[in-house]
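Please consider the structure shown below.

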Amino acid sequence: MISTQPFLARFRLLLCTALVATGAAAARAEPKYVGWTKVEAAREIRELKEKLREGGQVDASARQFLEETALPQLALQENRPLIERTRKRMRELLLGDVAEDKAYGDISLLVAEYMTALARDEQADPVVRINAMLLVSELKAKNGKPWPPAALALAAAAGDKDLPDAVRIAALAGVAKHAAAGAGDDAIAKTFGPPVAAILGEPGATGRTVEHDWLVSRALQIVPLLVRPAPPKLAATLAGFVTDETRPIDLRVRAAAALGATADATSGIDAAALIDTIRTLAITALEAEEKAAAARRFEAQYRGGGAPGGGFNAGPGAMFGGPPGFGPEGQPLPAIDPLAISEQACRRAAWRLHTLGTAIVSADGKQGLALLLGDAAEPAKELAKQLTGEGLTLDGDPVEDALLDALDVLRPPAPGEKAAKRAVRQPKPDEPAGDDQKPAADPNASPFDNPFQ
């Protein structure tokens with residue numbers, strides 16, 4: 001296979017230029033064809049594809065066509081409604097069926113150079129900048145792995161505080177792919193470790209808290225792929241996220257997962273205190289869903305759809321002297337759904353519980369905070385088993401009653417009250433038992449389909 005060193009050298013030069021240049025993409029002349037479908041049908045692209053299939057190289061005319069007509073399509077307003085498809089087709093058309101390694105590398109470099117400059121172009125539309133960085137993130141070598149030279153641009157973008165958070169998040173999508181493909185590789189850790197650490201150490205910015213929290217969440221997912229064991233400074237940062245009650249619940253859950261996957265005896269953390277915090281966090285996550293459901297139910301009753309029987313819950317009609325179940329003008333009100341926690345919320349709660357459990361003890365028992373407790377680890381291991389078990393149960397039966405059952409099991413009993421005991425839910429005939437569900441190889445991954453990662 002051809003060496004990536006020539007492409008790395010050229011891309012380093014491009015990257016240095018892109019870091020100081022602005023408006024480069026916007027300054028280009030209008031392309032010969034306007035609209036991606038016209039590019040796909042163009043004589044020039046047919047001739048180029050035929051030459052590349054036969055082992056030809058990217059000559060000056062082909063390079064000009066790519067730079068001036070094909071690649072600018074991503075930024076054109078005409079392609080905006082289908083920009084995601086345009087991005088995908090651009091990658092497939094330009095890099096598919098390229099027989100010769102050097103030609104493949106040359107086209108990949110052209111794409112990376114152009115899209116890196118476009119992602120950094122302050123005059124470009126935000127959605128264009130995001131998709132440009134995603135295209136760099138999606139570049140692959142001919143063996144299907146992430147294209148190595150793209151790592152430089154991705155690392156630089158992820159760690160650049162002057163770029164919009166959305167562009168940095170798009171870059172982190174590529175960082176995650178490169179880190180997963182090269183987990184344990186010192187070069188990968190040296191490339192991506194500094195920008196990921198910088199993100200975790202950045203203070204949240206006023207007015208963009210949501211974006212920054214999402215950026216941090218993405219970085220937390222990557223930590224176990226880059227650093228093991230976690231040095232004291234990093235471990236302290238992760239522990240700080242876990243204990244910070246002002247942070248979103250999902251961010252704290254991801255921080256717990258990263259800490260459980262990377263901390264060891266040299267990390268200098270108080271594992272026992274963190275495990276107590278994780279227990280409280282699990283309960284807090286379930287109580288948040290319970291409170292939100294109560295608020296939605298109250299809102300539905302207040303605005304209409306009250307329950308029969310009179311009083312406030314009978315709906316506005318009863319409040320104004322009308323019959324129960326009817327509005328103030330006598331119109332019938334819809335019935336209230338007795339379950340106010342959606343299936344999606346239940347699956348999110350299931351992911352949280354399972355992730356927190358594996359932060360205490362992993363599925364294979366080889367890592368987790370409980371292992372730092374020595375002979376005193378047994379109660380923590382029981383808590384981990386309880387959390388993962390409730391998570392799998394809730395995932396198998398994602399309804400409000402199951403979520404509230406999990407809360408009853410985990411919530412400490414009131415003084416003089418016995419701890420809640422619930423029979424183990426038996427799997428349905430067409431459903432595998434919970435113990436058969438194994439987490440994915442990624443230490444932060446959920447064992448079930450998860451829309452929140």
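A residue is called buried when its relative accessible area is under 20%, exposed when over 50%, and partly exposed in between, with a 1.4 Å probe and protein chains only. Ser137 has 2% relative accessibility and therefore counts as buried. The model is predicted: local features need pLDDT of at least 70, side-chain atom pairs count only at pLDDT 80 or more, and totals for chains, interfaces and linings use all residues. Residues are numbered from 1 along each chain as its sequence is written, and side-chain values use heavy atoms, with hydrogens and water left out.

Ser137 belongs to helix H7, residues 126-138; helices here are DSSP runs of H or I with at least four residues, numbered from the N terminus. Leaving aside residues up to four places away in sequence, Ser137 is in contact (heavy atoms within 4.5 Å) with Leu154, Ala170, Ala171, Ala173, Gly174 and Lys177.

Helix H8 spans residues 150-158 and helix H9 residues 165-181; the two pack at an angle of about 135°, with their axes 8 Å apart. Axes are lines fitted to C-alpha atoms over the stretch in contact, and angles run from 0 to 180 degrees between N-to-C directions. The angle makes H8 oblique to H9, a term for whatever is not under 35 degrees (roughly parallel), over 145 (roughly antiparallel) or 65 to 115 (roughly perpendicular). Among the residues that form the contact are Leu154 of H8 and Ala171 and Gly174 of H9.

H8 is mostly covered, with 7 of its 9 residues buried. Leu154 is one of these buried residues.
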